[in-house]
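Let's take a look at the pockets in a protein model. Have the sequence and the 3D view open as you read.

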Amino acid sequence: MSLDVALRHQMGDFALDIAFRSAGRLTALFGPSGSGKTSIVNMIGGLMRPREGRIATDGRVLVDTQNGTFLRPHKRRIGYVFQDARLFPHLTVRQNLVYGRRFVPRAQRYGDFSETVELLGIGHLLERKPAKLSGGERQRVAIGRALIASPRLILMDEPLASLDDARKAEILPFIERLRDEARVPVVYVSHSVAEVARLASDIVVLDRGRVSAAGPAREILAGLDLLPGAEGDEGGSRLRLEFDRLDARSGLSLFRSAAGIWHLPPSAHRPGDQVSIFVRASDILLATQPPEGISTLNVFPGRIVALRPARPHDLLVDLDCNGDLLTARITRHSGARMALASGASVHAIVKTVRLKES
Amino acid sequence: MEWLSLSDDEWTAVRLSIWVASWATVASLPFGILVAHALARWSFPGKALLNGIVHLPLILPPVVTGYLLLLAFGRRGPLGQFFETVFGLVFSFRWTGAALAGAIMAFPLMVRAIRLSIEAVDPKLEQAAGTLGAHPAVVFATVTLPLALPGIIAGTILAFAKAMGEFGATITFVSNIPGETQTLPSAIYTFTQVPGGGAGAMRLTLIAIAVAMAALIASEVLARRVSRRMEGA
């Protein structure tokens, strides 16, 4: 699946002028509110007409203002999960779920009802009306409804924004499963670094109607300065680890990656299980000597690949740890004191690891 | 209680009224929904004009509406000739004309109630149905219409009651022929014009009140049942 978007649009004082291309499983449109994220997905879904531009999925043109092409929303087969769920209040959950099914030619239906119900854990809700659902349940049903309609692409516009942290935590695993198991790419709008870091395979960073960066999630998350505004210190690196064994003596779970052995809190994994982790740049300390007498066990030798100045007085240090890319955020003062330079050998001391189940 | 029992002529007037009002309501309902939807959701040139024409019978003297109907739908009228040759349908001095007059007079009330309830349906739900692949006509039938149902019921019953009580336009257009165009109000009017007609007028008046009350209660009950179904289980 590939998505090509090039748009120019004017709404009052706000000018949108963007172009990006993504072939990822889950492409996050990321940026502060007012950066144009929702307008872009509305144009992809056909709810808004761009003044100028072209949108195509897999070479199928949805909009091209040059030759007047504009496919109406019901012909696009693009699912849309709205921030406010928008379930039909007069229909039961079951009727909501199957609503879009009948409009899809039989041969093109891939969204299986019982599979989807199980994936989203909504089997016990089927006979209820939307008014009797919690916010989290509603959002899961909305995701299911979009999926069962067998779209070519699913748009999600801040589907978690109206939920509290507990409800968010309830839904995130379902979106991850959707990303990993369903045969449909997702475009996901968010202004939360935590969500994007956890979910995205690709990221398009938007700032005041323009693309300020676009590419694979790992690269974008490492380039902290590209993340607009106050959330800059939330950036970091994402790695994939393989479970090795549960260490009987320490009680810790041992995972392996190219960088070495990771000691993480005990967990119920089987050997060979893959997990992804997120390490915030501000959670990594650097040492020029192999550190002794410290509490953390997660220390990895590496080589400095790049040094990048960052706001306000910081330095981003990209490390190659035997093939794993880690980015550390230290102060410029420390960088100068330690005389860090490209190619130098250092040790990365990882204070905290966020484990993302997958 | 002897004076309460209806004569055959009076029964005929009551039955005819219900028959005429039912036809007036049922036949105009599809048009009422269409016009209400157009006024609520579409923007097109001449929208204000359409709105004005629909509401005109509400403000015009009923006699004027009746006279205009006579000119247009009489046997010599352009529309009257058209319907007679194409559908074999005659309006002048027939019960069908009474139904037409009732439908025209009740139309503004019907459209108003349905329009308000369509406007209350969240367009975001219609958008959502579109992204699920539903053609706009299907969206209307499966989302807009069911959600607007309470208003449609209210509009229908209001229109029925209004058609049932229509007098001025009816008597001008199709006169006051017992058994053909003499509806309840015309019959009451006739009673008041003859000596000793007071008891008959009173009997029919009570029936008119009973029918109107029953219509109002029915609309309340139906609307409540629909909204309960919406929030239910």
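How many nonpolar, polar and charged residues does the lining of the largest pocket have?

## What lines the largest pocket

Keep in mind that this is a predicted model. Sorted by class, the lining of the largest pocket holds 25 nonpolar residues and 3 polar ones, with no charged residues. The pocket's volume comes to about 900 Å³. There are 28 residues in the lining, and those closest to the pocket's centre are B:Ser28, B:Phe73, B:Leu100, B:Ala103 and B:Ile104.

Now for the helices. In chain B, at least two lining residues come from each of helix 1 (8-41), helix 2 (47-59), helix 3 (62-73), helix 4 (78-87) and helix 5 (95-119). Helix 5 of chain B is the top contributor to this lining, giving 7 residues.

## On to the second largest pocket

The second largest pocket has about 620 Å³ of space. Look for 22 lining residues here; nearest the centre you'll find A:Arg72, B:Glu126, B:Gln127, B:Pro136 and B:Val139. Two or more lining residues come from helix 2 (73-76) of chain A, and likewise from helix 1, helix 6 (123-131) and helix 7 (136-147) of chain B.

Which helix gives the largest share of the lining of the second largest pocket? That's helix 7 of chain B, with 5 residues. As for the classes, this lining splits into 12 nonpolar, 6 polar and 4 charged residues.

## Side by side

The lining of the largest pocket has no charged residues, while the lining of the second largest pocket has 4.

Notes
Residues numbered from 1 in each chain as written. Chains lettered and ligands numbered in written order. Predicted model: local features only at pLDDT ≥ 70, side-chain atom pairs only at ≥ 80, totals over all residues. Heavy atoms only, no water. 1 Å grid on protein atoms, 1.4 Å probe; cavity = no way out; pocket = protein on both sides within 12 Å on 5 of 7 lines; lining within 4 Å. Points joined across faces, edges and corners; volume = space filled by probe spheres on them. Helix = DSSP H or I, 4+ residues; strand = E, 2+ residues; numbered from the N terminus. Nonpolar A, V, L, I, M, F, W, Y, C, P; charged D, E, K, R; others polar.
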